[in-house]
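Student: I would like to learn how to read a structure like this one. Can we take it feature by feature?

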Amino acid sequence: TLRRSQRTFLLICLTSSPGGAYLTYSEIMNCPNKLSLLSTLLLLFRSCSTEEFKSGGDESGSGGRLHFLAVGDWGGTDFFPYYTEGQVETADGMAKIAAEKGSEFVLALGDNFYQTGLMDDATAQMRFDETFEKVYHHDDLQMPWHIIGGNHDYCGDIQKQITIATDPSNRWSFPDFNYKITKEFIDETGNNVKLDIIMTDSMHVAGFHCAEHPEELDEEFFAQPPGPLSLVEASTTLSYIESALMKSDADYLVVAGHYPIYSPCSHGNTYELIEKLDPLLKKYGVTAYLSGHEHCQFHYSFDDMDYFLTGAGMGCCYAAKNRDALPEEGDLKYILADDFSYSGSSGVNGGFVSFDVGGDDMKVTIHREDGSSLYETELRPRSDQFKSLTEEAIAVERERELTKQSYVEGKSVQY
């Protein structure tokens with residue numbers, strides 16, 4: 001837990017910088033000088049985050065480590081009281097672990113407001129207050145919540161969720177559809193450790209279904225996403241992701257999205273992501289892919305990649321009816337699921353995941369709703385061969401920028 005002086009310093013840094021801790025999708029894709037923007041934001045953030053850990057003193061006793069939480073599919077209900085029993089119990093468990101470990105932030109992995117996101121202006125604030133603010137009221141959860149949208153959020157007005165984040169006093173952090181979080185700290189041995197988290201919008205890449213009438217939910221509920229609604233939007237999103245991955249020199253590189261890439265649970269694998277996103281993760285040595293969407297929890301390892309899913313933020317569990325669709329070469333190391341959807345056979349009513357990052361390892365724990373540990377594992381830092389790609393990435397970006405400028409000026413210069 002940070003001292004008050006540290007929290008004040010961090011707040012001043014984040015609110016005074018143009019991009020805060022984020023390298024946002026729109027800033028990077030639309031800025032006429034991406035390199036200058038990138039350098040400026042990185043310098044601003046590093047001065048904040050390094051000071052946060054160096055100046056500190058670690059009152060929680062975590063000793064040179066960074067701890068954070070992740071929860072998916074937590075968005076209550078669209079009728080009174082606008083939350084579920086499992087959601088409240090999971091919020092209590094998250095607060096318990098946050099207090100014990102000194103958690104710094106939360107990743108919220110989509111489906112933030114069931115069933116149809118935030119709608120008209122007359123009800124949006126009420127839903128936000130009832131489903132989010134009043135449920136996650138604990139002192140130990142008053143920290144940044146980094147948000148991405150899920151398919152249910154897109155059935156409403158997703159822009160309303162982004163607009164809420166424009167209030168600088170709000171812990172709700174949703175700067176853009178795709179963005180990057182960077183954290184740096186000093187570990188127990190005095191070495192600098194860097195974590196990059198790329199928050200991605202799965203809807204742009206794989207599309208989504210919305211049921212116009214309640215009876216359509218049975219047919220559409222576990223259907224594959226239909227594919228991107230806009231090929232241009234999908235291409236732009238994938239380009240942003242690859243650029244962010246290519247430039248990362250972090251010791252740990254996590255990519256988060258709402259849809260899973262591989263899943264043994266009721267929705268199953270997302271084939272659009274297997275084809276278009278998974279190869280990028282492996283190409284650039286991503287430490288782990290983190291998702292929600294399925295109301296279950298698991299750890300799956302395949303082809304030197306680790307996939308974690310936590311989608312039990314408001315209830316548990318879906319059935320594991322798609323085990324046989326996983327690649328046989330992979331290893332389903334752990335799964336929490338019911339015999340059939342919401343049968344109660346697991347005895348679990350919700351859950352979340354926590355991450356404990358240090359210089360030598362990143363410990364991942366899957367929790368049930370009360371905070372008890374169901375499964376633990378450790379991941380190692382990335383290989384230096386992936387981190388050395390950064391200089392090449394900057395050179396490529398510089399060449400692209402020069403080419404773009406030459407076209408703007410009406411030249412036909414070839415590079």
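**Reading the model**

Tutor: Start with burial. In this protein of 415 residues, 57% are buried. Keep in mind that the model is predicted.

Student: How much accessible surface does the protein have, and what share belongs to carbon and sulfur atoms?

Tutor: The accessible surface is about 17,300 Å². Carbon and sulfur atoms account for 50% of that area.

Student: How many helices and strands are there?

Tutor: There are 14 helices and 15 strands. Look at the contacts too. Of those between residues at least 6 apart in sequence, 71% join residues at least 24 apart.

Student: Where should I be careful with a predicted model?

Tutor: Where pLDDT is low, the predicted coordinates should not be read in detail. Here the average pLDDT is 83, and 76% of the residues score at least 70. Residues 1–61 stay under 50. The model still gives that stretch 106 contacts beyond four places in sequence. Residues 407–415 are also below 50, with 6 contacts beyond near neighbours in sequence.

Student: Now the aromatic rings. What describes a pair?

Tutor: A pair of aromatic rings is described by the distance of the centres and the angle of the planes. In this structure, a search of the whole model finds 25 aromatic pairs. Take Trp74 and Phe132. Their ring centres are 5.8 Å apart and their planes meet at 55 degrees, so the pair is tilted.

Student: Which parts of the protein does the pair of Trp74 and Phe132 tie together?

Tutor: Trp74 sits in the loop between strand E2 (66–71) and helix H4 (85–101). Phe132 belongs to helix H5 (residues 121–133). The pair therefore ties together parts that are 58 residues apart in sequence.

Student: Is Trp74 buried or exposed? And is Phe132 buried or exposed?

Tutor: Trp74 is buried, because its relative accessible area is 0%, under the 20% cut-off. Phe132 is buried too, also with a relative accessible area of 0%.

Student: Which residue forms an aromatic pair with Phe132 at 5.3 Å centre to centre?

Tutor: Phe128 does. The angle between the planes is 45 degrees, and this pair is tilted. Phe128 and Phe132 are 4 residues apart in helix H5, so about one helical turn separates them. Phe128 is buried, as is Phe132.

Student: Which residues do ring pairs link into a cluster?

Tutor: The cluster consists of Trp74, Phe113, Phe128, Phe132, Tyr136, Trp145 and Trp172. Both pairs we discussed involve Phe132: one with Trp74, the other with Phe128.

How values were computed
Residues are numbered from 1 along each chain as its sequence is written. This is a predicted model: local features need pLDDT of at least 70, side-chain atom pairs count only at pLDDT 80 or more; totals for chains, interfaces and linings use all residues. Side-chain values use heavy atoms; hydrogens and water are left out. pLDDT is the predictor's confidence in each residue, from 0 to 100. Contact means heavy atoms within 4.5 Å. Rings of Phe, Tyr and Trp (its six-membered ring) pair if their centres lie within 6.5 Å; planes under 30 degrees apart count as stacked, over 60 as edge-to-face and the rest as tilted. Helices (H or I, at least four residues) and strands (E, at least two) are DSSP runs, numbered from the N terminus. Buried means under 20% relative accessible area, exposed over 50%, partly exposed in between (1.4 Å probe, protein chains only). Accessible areas come from the Shrake-Rupley method with a 1.4 Å probe; for residues, only the protein chains shown count as cover.
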